[in-house]
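Here is a friendly briefing to read alongside the model. Have a look at the structure first, and then follow the topics below.

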Amino acid sequence: MPRAGLTPATVVREAAVLADEAGYEKLTLAALAARLGVALPSLYKHVRGVDALHQQLAVLATAEIADVLTTAAAGRAGGDALRAVAAAYRAYARQHPGRYPAAQRAPDPADAEHLAAGERAVGAIRAILLGYGLDGGDALRAVAAAYRAYALRRAGGGRPPSGRPTRPTPNTSPPVSARSARSGRSCSGTASTATTRSTRSGCSGPPCTASSRWRRPADSGCPATPTVPSTS
């Protein structure tokens, strides 16, 4: 039976549920129309096309992540806040396997709502780093990348959606220690773990070793992903 009272907001919400159930890559207008019980042409009254649908889903997911991170960080500081935000970010990725990759889509500069949601998400992490005396983009990007990698690993892998490049913001993996955040150091671990990390990131330099544990990525060839202590 066709759905009565269909609105753009309803379409996006149903698209989010469908993406979580079937997978982000399987979110198509045809599949969404079948779910809503409407003819495919009817959807074009509410969304311009599949790319526009993915963009609107990205806005929704980014706003949800911003809410999750802000709530997790409330009343906390330092390492406690970093760990709480990491756990909340991972939980969102696991609970919403279709929305999470949508949130990795780079914001459209012309979409004020998307930009605002991204700023709120980043702001939750920036506020924590300010407690360490850090307000630079490098530290923020390092923690955001670590959160993102952590979420993907704990959620069982996965890749960001194709199309637009991902943004260097959270939507974001586990907390980086205050020591590595202050120093800008990111290379750590054994040769085997670092080699795996280098392979995944496309790093062509030598793997990390005990002697190169605290070298900067430019010296060691190791990817700029901060060490993340396990929270599980």
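Predicted model: local features only at pLDDT ≥ 70, side-chain atom pairs only at ≥ 80, totals over all residues.

Residues are numbered from 1 along each chain as its sequence is written, and side-chain values use heavy atoms, with hydrogens and water left out.

**Overall make-up**

- The protein has eleven helices and zero strands; helices (H or I, at least four residues) and strands (E, at least two) are DSSP runs, numbered from the N terminus.
- Of the protein's 232 residues, 44% count as buried.
- Helix α5 covers residues 78-95, which is 18 residues. From its first C-alpha to its last α5 reaches 26 Å, close to the 26 Å expected at 1.5 Å a residue, where the expected span is 1.5 Å times one less than the number of residues.

**The aromatic cluster around Tyr89**

- Ring pairs link Tyr89, Tyr100 and Tyr147 into a cluster. Rings of Phe, Tyr and Trp (its six-membered ring) pair if their centres lie within 6.5 Å; planes under 30 degrees apart count as stacked, over 60 as edge-to-face and the rest as tilted.
- By this rule there are two aromatic pairs. The ring centres of Tyr89 and Tyr100 are 5.5 Å apart and their planes stand at 80°, so this pair is edge-to-face.
- Because Tyr89 lies in helix α5 and Tyr100 in helix α6 (residues 99-102), the pair ties together parts that are eleven residues apart in sequence.
- Tyr89 counts as buried at 1% relative accessibility, and Tyr100 counts as buried at 4%.
- Tyr89 and Tyr147 form a tilted aromatic pair, with 6.2 Å centre to centre and 35° between the planes.
- Tyr147 sits in helix α8 (residues 137-154) and Tyr89 in helix α5, so this pair ties together parts that are 58 residues apart in sequence.
- Tyr147 is also buried, with a relative accessible area of 0%.

- Arg105 is in the loop between α6 and α7, and it counts as buried at 6% relative accessibility.
- The side chain of Arg105 makes a polar contact of 3.1 Å with the side chain of Asp51. A polar contact is a pair of N or O atoms within 3.5 Å; within protein, one must be able to donate a hydrogen and the other to accept it, and residues adjacent in sequence count only if both atoms are side-chain atoms.
- The side chain of Gln55 makes a polar contact with the side chain of Arg105 (3.0 Å), and the side chain of Gln55 makes another with the side chain of His114 (3.0 Å).
- His114 belongs to helix α7 (residues 112-130) and is buried, with a relative accessible area of 0%.
- The C-alpha atoms of Arg105 and Ala58 are separated by 6.4 Å, although these residues are 47 residues apart along the chain.
- His54 lies in helix α4 and counts as buried at 14% relative accessibility.
- A polar atom of the His54 side chain lies 3.2 Å from the backbone oxygen of Leu27.
- Leaving aside neighbours within four places in sequence, His54 is in contact (heavy atoms within 4.5 Å) with Tyr24, Leu27 and Arg105.

**How α1 packs**

- The axes of helix α1 (residues 8-22) and helix α4 (residues 50-73) come within 10 Å and cross at roughly 80°. Axes are lines fitted to C-alpha atoms, for helices over the stretch in contact, and angles run from 0 to 180 degrees between N-to-C directions.
- On the α1 side, the contact is made by Val11, Val12, Arg13, Ala15, Ala16 and Ala19, and on the α4 side by Leu53, Gln56, Leu57, Leu60 and Glu64.
- The axes of α1 and helix α2 (residues 29-36) come within 10 Å and cross at roughly 105°, which makes α1 roughly perpendicular to α2.
- Val11, Glu14, Ala15, Val17, Leu18 and Glu21 of α1 make this contact with Ala31, Leu32, Arg35 and Leu36 of α2.

Note on methods:
Buried < 20%, exposed > 50% of the residue type's maximum accessible area, 1.4 Å probe, protein only. Parallel < 35°, antiparallel > 145°, perpendicular 65-115°, else oblique.
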